[in-house]
Amino acid sequence: MLLGGAPALVVGDGPTLAPGPRGTVVLIPGLGGSKEVQLPEARLLARHGYLAVILDAVGHGERRYPDFERRFSPDHWDESFREVVSRTAEELPRVLGALAERGGSRPGAVGVCGISMGGAILYEAMGSKLALDAAVAIIAPPPRGPQVHERLERFFPTPLLMQTAGADSLVPAHEARELHHALLPRYASAPERLRYFEHPGEEHMFTEAGWGRVWEEVLGWFNRFMPVAGG
């Protein structure tokens, strides 16, 4: 399925494209990953009352760059990473719009979860053009650059859960800690909408038990801000 030009894989509790009792969650995988990689997490979300929609980022999955290895070699990595993050973030509002038009979501019950690079895409996309009811970033590189403080102003009031791995050497936890600290004043009027959770001893590739704890947090966050319809 294509949604706003992005290849998508839909996992739900029924045969039709319709939000679950709790709504719809869009999943964005990490660098090098295709939408199929997150099928276990999508099925978990579906079992808990969500329609899960997994996306292929620009240059990934069905639209993988033919020269992917060259683009993400050490000489080109930074530029290629920024390009994928920027272009995927730019199309995300169109993806959600197309999903709504096709009956795959309803107002008040739309969340996004980004993993690693997918979390960087989520950070980049957050703002007035992307209306979310809950957001989760897992082991995600935080936004950088000269305009970072302007971009942080766009996060509130979206409920945001940030999860990191305490022993992560690829995306050090202190970077997300600093982002959380910078966001605290912006969420001062509703501090319950911002949460930072660091998993001690875990590396970028979580243990099975650690990954299970990550998803307990994810489900708790979405359940809190996307309650069952009519409940």
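Visitor: Buried means under 20% relative accessible area here. Going by that, which residues of helix 1 are buried?

Guide: This is a predicted model, to begin with. In helix 1, residues 39-47, the buried ones are Leu-39, Glu-41, Ala-42, Leu-44, Leu-45 and Ala-46.

Visitor: Back up a bit. How many helices and strands are in the chain?

Guide: The chain has seven helices and eight strands. Its radius of gyration is 17 Å, close to the 17 Å that the globule rule gives for 231 residues, so the chain is as compact as a globular protein of that length. The C-alpha trace spans about 50 × 45 × 35 Å along its principal axes.

Visitor: How much of the chain is buried?

Guide: Buried residues are 54% of the 231. The chain exposes about 10,700 Å², and 54% of that area comes from carbon and sulfur atoms.

Visitor: What share of the contacts is between residues 24 or more positions apart?

Guide: Counting contacts with a separation of 6 or more, such residues account for 76%.

Visitor: Where does Ala-109 sit?

Guide: Ala-109 is in the loop between helix 3 (77-101) and strand 5 (110-115). With a relative accessible area of 3%, against a cut-off of 20%, Ala-109 counts as buried.

Visitor: What does Ala-109 touch?

Guide: Leaving out residues up to four places away in sequence, Ala-109 touches Arg-22, Gly-23, Thr-24, Asp-133 and Met-226. Take Gly-23: it is 86 residues from Ala-109 along the chain, yet their C-alpha atoms are separated by 4.6 Å.

Visitor: Now helix 6. Which of its residues are buried?

Guide: Helix 6 covers residues 173-183, and its buried residues are Ala-173, Glu-175, Ala-176, Leu-179, His-180 and Leu-183. Down the helix axis they fall within an arc of 160 degrees, so they line one face of helix 6.

Visitor: Why would residues three or four places apart point the same way?

Guide: An α-helix has 3.6 residues a turn, so residues with that spacing point the same way.

Visitor: What do the buried residues of helix 6 pack against?

Guide: They pack against helix 4 (117-125), helix 5 (148-152), strand 7 (160-165) and strand 8 (194-199). The face turned away from the buried side of helix 6 carries two exposed residues, Glu-178 and His-181.

Visitor: What about Ser-116: what is its phi, and is it buried or exposed?

Guide: Ser-116 is not a glycine, but its phi is positive, about 55 degrees. The residue is in the loop between strand 5 and helix 4. Its relative accessible area is 14%, so Ser-116 is buried.

Visitor: And Ile-139, what is its phi?

Guide: Phi of Ile-139 is near 40 degrees, again positive in a residue other than glycine. Ile-139 lies in the loop between strand 6 (134-138) and helix 5. Ile-139 is buried too, with a relative accessible area of 4%.

Methods
Residues numbered from 1 in each chain as written. Predicted model: local features only at pLDDT ≥ 70, side-chain atom pairs only at ≥ 80, totals over all residues. Heavy atoms only, no water. Helix = DSSP H or I, 4+ residues; strand = E, 2+ residues; numbered from the N terminus. Rg over C-alpha atoms; globule rule 2.2 N^0.38 Å. Buried < 20%, exposed > 50% of the residue type's maximum accessible area, 1.4 Å probe, protein only. Contact = heavy atoms within 4.5 Å. Areas by Shrake-Rupley, 256 points an atom, 1.4 Å probe, with all protein chains shown as cover. Arc of directions from axis to C-beta.
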